[in-house]
Amino acid sequence: MIVLFIVVPLVVASLLPLIGKISRRFLPDLLANLTMVFLLGYALTSGRQLVAAGSAVHRIFFMDQPVNIVLALDAFSLFMIVTIALVSLCVTLFSIDYMEHYGAKANYYALLLIMIAGMNGLVLTNDLFTIYLFLEVAAVASYGLVAFGLGHDELEASFKYLMLSSVTSAFILVSIAVIFGFTGRVDISGVAAGFADLKAKYAVGFCTALFLAGFGLKAAIVPFHAWLPDAHPSAPAPISAMLSGLLIKVSGIYAMTRIFFNVFGFNAALSQVMLYLGTISILAGALLALGQNDLKRMLAYSSISQIGYIVLGLGLGTPLGILGALFHVLNHAVAKSLLFLNSGSVQQATGTRALDAMGGLGKRMPFTAATTVIGSLSIAGVPPLGGFWSKLIIVIALVEARQYGFAVIAVLAGILTLWYYLLIQRRAFFGKLNETWQNVKEAPFWMTFSTVILGLLCIAIGVFFPLVMKTWIQPAAAVLSAGIINALHGMGF
Amino acid sequence: MHIALLAGLVVFSVVAVLLRDLLKAAISLAVASIFLAVVFFTFNAPYIGVFEISVVAGLITVLFVSTIALTKDSGDVKESKLPVIIFPLFFAAFLIVDFLVMRSLIGRLISIPGAAEQRTFGDVFWYQRTFDLVAQIGVIFAGVFSVLALFRKSGRKDE
Amino acid sequence: MNSAWYLDMSFVAVLLFIGIYCLLTMKNLIKLFIGIEVIAKGITLALMATGWARQSVLFAQSLAITFIVVEVSVVATALAIIINIYKHTGSLDIRKLTKLKG
């Protein structure tokens with residue numbers, strides 16, 4: 001029952017405000033986390049069987065009448081669902097303690113569950129317009145979540161994020177309207193078939209440009225990145241983790257990749273554009289991160305840089321490139337959310353995000369320091385953590401495709417990344433303990449617990465990377481490499 | 001006739017954007033919605049025409065007017081007159097480019113021809129796009145909970 | 001595609017231009033949101049015009065009605081944010097919202 005991925009969070013979310021009236025803290029915490037555990041467990045156990053025979057198509061029956069909700073779960077979708085479930089579970093655990101002083105916890109969990117339901121729905125549907133719809137579900141929930149603290153910064157960031165996001169939705173919809181005009185279908189298999197028949201290069205090019213603009217804005221690819229350094233730091237820490245770790249990948253990268261590979265078919269021009277955009281993102285993100293004093297802002301710029309790596313890998317279009325890019329999606333989701341959650345711990349303990357006001361926190365907050373080191377090293381690409389392998393695969397894929405210039409830039413930017421992450425370690429956690437922080441304590445239990453889980457995941461994904469690649473990532477990459485064929489036959493009804 | 005309606009829509013949208021007084025701008029937006037709804041009626045699409053009038057020209061205008069009323073004492077936001085003055089220039093330029101491009105594309109782009117529809121609107125909406133309804137429920141919940149979260153009384157984080 | 005579709009799509013482009021112009025030049029928060037509303041009208045027109053040109057008006061109506069529902073949610077959230085900003089800063093000027101820079 002694939003539809004459970006969407007329906008369960010939605011139903012629990014609708015019940016939460018009522019439950020919140022009865023029990024302000026305990027029941028909402030319990031329910032939200034149980035839902036996440038269920039989602040993760042269901043994804044891990046049944047997902048593999050469902051996908052083993054190719055893609056699973058699930059038609060829902062309601063009282064013996066076929067209801068036209070058709071969900072398609074193939075390896076790529078399953079990979080995204082597992083990533084979403086993993087990170088969301090840890091974020092929800094973290095929120096148990098972190099959201100205490102924000103109040104209205106039931107409301108917060110409801111919005112968080114709706115966002116997760118929206119992301120799951122986006123990944124599971126076979127229809128372009130429904131992709132847009134679930135993207136909006138997650139986006140509207142995220143507007144409320146970014147502004148949740150009701151402080152000046154949060155409201156300003158949420159407003160600007162909302163404005164920009166609405167413009168991107170306009171681009172995406174115009175493209176869908178044009179596609180509908182030319183092919184008469186809005187579902188992925190129908191559109192793929194339609195364009196294969198038509199061979200309308202200019203229409204496809206126009207729609208590709210609009211989709212690149214729209215989804216590129218969602219994924220914060222340079223030059224559409226300006227909203228991210230404002231929106232992500234101002235949100236509460238667990239929401240920053242969700243946004244940076246999941247939302248930009250699901251609503252940006254996943255949607256873009258699904259459409260470019262399985263609907264339009266990948267061509268050389270698009271490949272060039274994506275290679276250049278990816279490289280510019282890598283450089284811009286890394287260089288801008290260097291000059292930051294605000295911890296979360298530095299992490300936000302780093303996200304832009306890492307998304308650049310993913311776009312670079314995808315832009316290659318070769319199976320190895322796609323493999324590296326998808327693996328990096330998983331690594332970055334786990335590591336970046338870990339880092340943002342830790343920044344929340346630090347902010348709660350010290351009340352500040354300014355790096356030069358911190359110092360030597362490692363002595364008082366050992367778990368936070370240790371997990372931050374793990375997360376940073378993973379993103380910077382240090383063996384044997386996961387990020388090293390995914391970046392290595394991307395670089396090898398670049399060299400194999402004879403794109404030597406891009407490979408050199410990717411490697412050099414990796415060194416830059418390592419540098420600014422080490423800066424964070426040095427300034428915030430190691431070195432002499434700043435007098436003001438004599439009495440800070442380690443973060444409360446659930447916050448530490450969730451970050452330790454994420455840290456262990458970083459290590460495990462790195463150490464066991466052949467296993468991870470074989471079971472989750474290679475099937476996903478195969479779906480994308482098969483391109484349009486996959487849309488026409490695999491998901492056709 | 002058709003062009004007159006579309007022109008009316010564009011004119012009132014321009015007025016809504018360029019007017020200084022917010023209340024008049026909101027009403028101009030509502031009038032533009034009515035023009036758009038009439039266009040939909042000429043498309044033989046009564047459902048969306050009614051929906052557009054009742055929701056966009058009705059509900060959204062009410063929301064705008066309440067917001068304007070709640071923020072009345074903000075004083076005047078000093079907008080420079082420059083955008084209003086140079087607008088006709090850009091607008092005319094854009095119009096010319098736009099119509100020329102569209103003219104040149106006529107007949108150049110082929111599309112798959114469509115067949116006439118045989119079902120009723122209810123069939124299409126409920127049975128063909130059922131998944132959209134789940135998403136609509138999701139988005140309505142998201143909006144409601146966001147508004148509830150933004151207007152909550154206690155537990156404000158001090159910043 | 002018959003020529004009426006091109007005419008309608010050119011009007012869609014005009015509406016998008018007006019909306020984006022509003023977003024780029026206006027300074028009042030509520031005015032900025034009126035720009036988004038104009039863009040939304042353009043999108044609705046694009047969806048319906050395409051449906052009309054393909055004789056699939058019913059299908060296009062379903063898409064457009066769903067889009068309007070989404071738009072209402074976005075409007076409600078945005079106006080709630082605007083009212084909160086007004087409560088905080090006492091003004092609706094976007095030039096006062098420049099704390100996040102650099």
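From the N terminus on, the elements of chain B run α-α-α-α-α-α. The count for chain B is six helices and zero strands; helices (H or I, at least four residues) and strands (E, at least two) are DSSP runs, numbered from the N terminus. The model is predicted: local features need pLDDT of at least 70, side-chain atom pairs count only at pLDDT 80 or more, and totals for chains, interfaces and linings use all residues. Residues are numbered from 1 along each chain as its sequence is written, while chains are lettered from A and ligands numbered from 1 in the order in which they are written.

Chain B has 159 residues, of which 30% are buried (20 or more other C-beta atoms within 10 Å of the residue's own, with C-beta atoms placed from the backbone). Among contacts in chain B with a separation of 6 or more, 48% join residues 24 or more positions apart. Two residues are in contact if their C-beta atoms, placed from the backbone, lie within 7 Å.

Chain C meets chain A through 29 residues, which are in contact with 28 residues of chain A. On the chain C side, α1 (3–25), α2 (29–53) and α3 each supply at least two residues. Helix α3(C) gives the most, with twelve residues. This side of chain C divides into 20 nonpolar, seven polar and two charged residues (Ala, Val, Leu, Ile, Met, Phe, Trp, Tyr, Cys and Pro count as nonpolar, Asp, Glu, Lys and Arg as charged, and the others, Gly among them, as polar).

Helix α6 (residues 152–183) of chain A packs with helix α3 (residues 57–89) of chain C: their axes come within 10 Å and cross at roughly 155°. Axes are lines fitted to C-alpha atoms over the stretch in contact, and angles run from 0 to 180 degrees between N-to-C directions. The two helices are therefore roughly antiparallel (over 145 degrees). Chain A contributes A:His152, A:Leu155, A:Ser158, A:Phe159, A:Leu162, A:Ser166 and A:Leu173 to the contact. Chain C contributes C:Phe67, C:Val74, C:Ala78, C:Ile81, C:Asn84, C:Ile85 and C:His88.

The largest nonpolar core has 290 residues (buried Ala, Val, Leu, Ile, Met, Phe, Trp, Tyr and Cys residues joined through C-beta atoms within 7 Å). A:Leu111, A:Ile114, A:Val334 and C:Met48 have the most contacts inside this core. Its largest share, 22 residues, comes from α3(C). Leaving aside neighbours within four places in sequence, A:Leu111 is in contact with residues including A:Ala141, A:Leu145, B:Ala142 and B:Phe145.

Note on methods
Angles under 35 degrees count as roughly parallel, over 145 as roughly antiparallel, 65 to 115 as roughly perpendicular and the rest as oblique. A residue is buried if 20 or more other C-beta atoms lie within 10 Å of its own, exposed if 12 or fewer, and partly exposed in between; C-beta atoms are placed from the backbone.
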